[in-house]
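Work through the exercises below with the sequence and the 3D structure at hand. Each task is followed by a solution in steps.

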Amino acid sequence: MAGHIYLGSNLKMYKTARQTQDYLLNLSMSIGDLSRRDLTVFIIPSFTSLDRARRTIHKGDILLGAQNMHWEDEGQFTGEISPLMLEDLGVEVVEIGHSERRHVMGETDAAVNRKTLSALAHGFICLLCVGETAEQKALGLSDETLRTQLKTGLWGVPTDSLDRLWIAYEPVWAIGVGGTPASEDYADGKHAVIKHCLSEMYGSVAGRVPVLYGGSVNRGNCDALAAMPHIDGLFIGRAAWDANAFNEIIRAVLPVFQRKQGMVK
Ligand code: PGA
């Protein structure tokens, strides 16, 4: 949604249920005074923390997400988690196609597409992650990679579910320990490519789809990223896993986003 700010964190395979609960209590207290009219904060903990997390946070305060989902409602898929199980836990957002799923766990564009279709059909907000590898970047294939991931990932996604679609641009070379954050200009350029591709696919309604940047966001680079015209939010890993540190980032970038989006002069 234009004129709205999205800030969230994927906790990856960190924090037990108890640690997630402490983190969420601390975070919701620290940001309790911030109006949610123009701001969505979301946290994506491990599957085993979801139930505790749901009982810890209020709906509308912090949105609760899952890191992955199988596309089938049920079946002989040992170790997988179905959309019905996530619905049952009160999950609101499902993250699909994170770089670690694609590049460490071998998830294909076709699987990402089935998951995206299923997540949207079940009424979740789908946070679809795209991003090029260092090799694709070196070969000058970044834009082609992003366009391919979008066109295959969103194959068959109807226009009327676009208001529940969020995109995260997360260059693989920028993510995690050893990652190099993308410069704000580079990231903004790729957000523009993503937005252009979405508008080719869906026309002007694609303007409703927020595009978030992720990959080594930290207190040092968050303001510059937030100021860029095509960046609608930040999707943060390590730098947000301490509630106080995330609170600091949220308070630093909020006025930057608000000024850019004309919410305040
Ligand atoms: P990072 O993780 O901020 O620790 O680089 C980002 C992500 O994987 O979403």
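**Exercise 1.** State in which pocket the ligand sits.

Solution. The ligand sits in the second largest pocket. A pocket is an open set of points on a 1 Å grid over the protein atoms alone, with protein on both sides within 12 Å along at least five of seven lines. A molecule sits in a pocket if more than half of its atoms lie within 2 Å of its grid points. The model is predicted: local features need pLDDT of at least 70, side-chain atom pairs count only at pLDDT 80 or more, and totals for chains, interfaces and linings use all residues. Residues are numbered from 1 along each chain as its sequence is written, and side-chain values use heavy atoms, with hydrogens and water left out.

**Exercise 2.** Find polar atoms of the protein that lie close to ligand oxygen atoms, as polar contacts (pairs of N or O atoms within 3.5 Å).

Solution. Step one: a polar side-chain atom of K12 is 2.8 Å from a ligand oxygen. Step two: G176 places a polar backbone atom 2.8 Å from an oxygen of the ligand. Step three: for R238, a polar side-chain atom lies 2.6 Å from a ligand oxygen. Of the 280 Å² of accessible area that the ligand has on its own (Shrake-Rupley method, 1.4 Å probe), the protein covers 99%.

Definitions and conventions. Polar contact = N/O pair within 3.5 Å; in protein donor to acceptor, adjacent residues only side chain to side chain. 1 Å grid on protein atoms, 1.4 Å probe; cavity = no way out; pocket = protein on both sides within 12 Å on 5 of 7 lines; lining within 4 Å.
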